[in-house]
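Have the viewer open as you read.

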Amino acid sequence: MESIVEKRSFQVDSKGYYGSFGGAFIPEMLYPNVEELRENYLQIISDPSFQKEYSDLLRDYVGRPTPLYRANRLSEKYKTNIFLKREDLCHTGAHKVNNTIGQILMAQRLGKKRIVAETGAGQHGVATATVCALMDLECVVYMGELDIERQAPNVARMKMLGAEVRPATCGSRTLKDATNEAMRHWINNPVDTHYIIGSVVGPHPYPDMVARFQSIISEEIRWQLKQHTGSETPDYVLACVGGGSNAAGAFYHFLSEENVRLVAIEAAGMGVNSGHSAATTALGKPGVLHGSRTILMQTEDGQVTEPFSISAGLDYPGIGPQHAYLYDSGRGTFMSATDEEAVQAAFELTRYEGIIPALESAHALAVLGRLGASENETVVVNLSGRGDKDMGTFMKYID
Amino acid sequence: MNRITKLFQDAKNEQEGGLLNVYFTAGFPELNDTTRVLQALQDGGVDLVEIGMPYSDPVADGETIQQSNDRALENGMSVKILFEQLKDMRETISVPVLLMGYINPVLQFGIENFCAKCAEVGVDGLILPDMPMDVFLDEYKSIFDAHGLLNIFLITPQTSEQRIKLIDEVSEGFIYTVSSASVTGSKSGVDSNMESYFARLDAMNLRNQRLIGFGIKDHETFKQASSHAAGAIIGSAFIRVLQQTTDLEQDVKSFVREVKNYPETIAI
């Protein structure tokens, strides 16, 4: 009983678990690589020279701190106080680069010469190719064959940045298959290669490491919000969840403050029960995916099923183990938005505030009307990315 | 006594050629080929068999085995169907049988239920490459033991000496020795790096015998590997035989005989 009474941290424990979620469910071939990282990551992150290099790059290269902007017209419409955390203004157009900067510095300190990564929509691939160009490391990015066709501009960006883009041709030929291929690549190149996972997924210590690199988001929100409102804590923090890295970063410094409602928004695709959805907590069950015990969409027989969302960044059949724990424990509130709702929300933000959001981030905006936030309350929405990459989709809705 | 334990005990006493373990994917090439392939492997003279439970995301496997997994799943293969297919196997199958697969389908079936079914149909051991050792020891070992199932651990050239010793301590049956840093089916033969790795293992005087897997495809590579261990495991090369076969029983038997180099004239 004591553990229930104690204030829970919701952070990873010494064995790599969040409650019953997490761990490192990996084949022996990956064990030495993951173990090397596990043994070293905390020490490297806490090293002052690492911290200086990381924060200098975030400031001078990424453009941090990103603004916390009070969206006045949107606030008026929803009769509450809405603040947008402008991760869309990061270099490369999304929060993804916070993590890739951290991991490339990690890779250097581990003496790695090559980088492998997976990508869905290409945002993480671009963020990885970017830091590899910056640090002059060789870069291989796996991308589902289908996604390569759907995301040509990002494929071109990665190539221009000097990365080799390799198609994942097996299975469903999307993000989960690209992740499998990146893991296989790491198995085949265990000594000199570091795998930069793009989200808070994968075996321990990845979910914790990526969350730490993204935690700068909530660190900034706290002092920025204090400047705006006099209080460091909002009533709500909203973030979309595919794997969940932007949400993990936006929630991080509010996890133990239970008066801050943490709202994760999943992609319902064409509708949660349409058979074309990526609403993992609504449709999934506990199981093991990509090295950790989490909640994932699967058949009765335990085969991983193919999710669907208009937004490639949310098109993933699992969520990070920390999010699974937030869901399971009730600490997090999980909602979902359909493709249509997300597109509508994207147009709304554009017309009300002059900001074109990424389709992923638009999912978080889409629940503002059903949140039930009052006039006196404060809502922070993590605007994780910008919508340039989604113009092809948006164009279809412009008459 | 567990059939795997007995096989390795006898092999130690007799000291003849290597033991051949062949992997194939259940429900491949056709849904109901599982027991046909199993029977043909035994008829061909295989020493033990590893039946793969197909999975949508087999990260430790290369393209060949993944394709066979995809095909088997398209055929409708599932853990439940596999146990139905295997329910009478011990009427004719005397070789040790292992099930190999990824942990998620096993978890969904239920570990307790899964192990009970294994024991019921006569499975001798399991290879679940993405099951962490600590989870096995803390949560599952007692269930495995209660049902007489051995858990086979893997080691690779990157596995530290300390960890190899730990694996040797908790292993029963044999240790699955992955020959190189790779997924299945990507390399072939035994090179000088592997020689020194195998020599290093020999010098450790492990209590368990070893089977070498990954990159074994024919008689020559089998013989090479067997000179460094109790025997070897063939997977992808056998899946390729199944992909191309026009006469399943005959092709499977011929493959096993060629690998073990039984003279074709001896009828078995």
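What do the buried residues of α6(B) pack against?

## A helix in chain B

They pack against α4 (79-85), β3 (97-100), α5 (103-109) and α7 (133-146) of chain B, where contact is C-beta atoms, placed from the backbone, within 7 Å. Helices (H or I, at least four residues) and strands (E, at least two) are DSSP runs, numbered from the N terminus. The buried residues of α6 (residues 111-121) of chain B are B:Phe114, B:Cys115, B:Lys117 and B:Cys118. Because they cover an arc of only 160° around the axis, they sit on the same side of α6(B); the arc is taken from the directions from the helix axis to the C-beta atoms. After α6(B) comes B:Gly122, with a positive phi near 100°.

## About the model

This model is predicted: local features need pLDDT of at least 70 and side-chain atom pairs pLDDT 80 or more, while totals for chains, interfaces and linings use all residues. Residues are numbered from 1 along each chain as its sequence is written, with chains lettered from A and ligands numbered from 1 in the order written.

A:Thr92 has a positive phi near 75° despite not being glycine. With 21 C-beta neighbours inside 10 Å, A:Thr92 is buried (20 or more other C-beta atoms within 10 Å; exposed is 12 or fewer, partly exposed in between; C-beta atoms placed from the backbone). A:Asp136, also not glycine, has a positive phi near 60°, and counts as exposed with 7 such neighbours.

How values were computed. Two residues are in contact if their C-beta atoms, placed from the backbone, lie within 7 Å.
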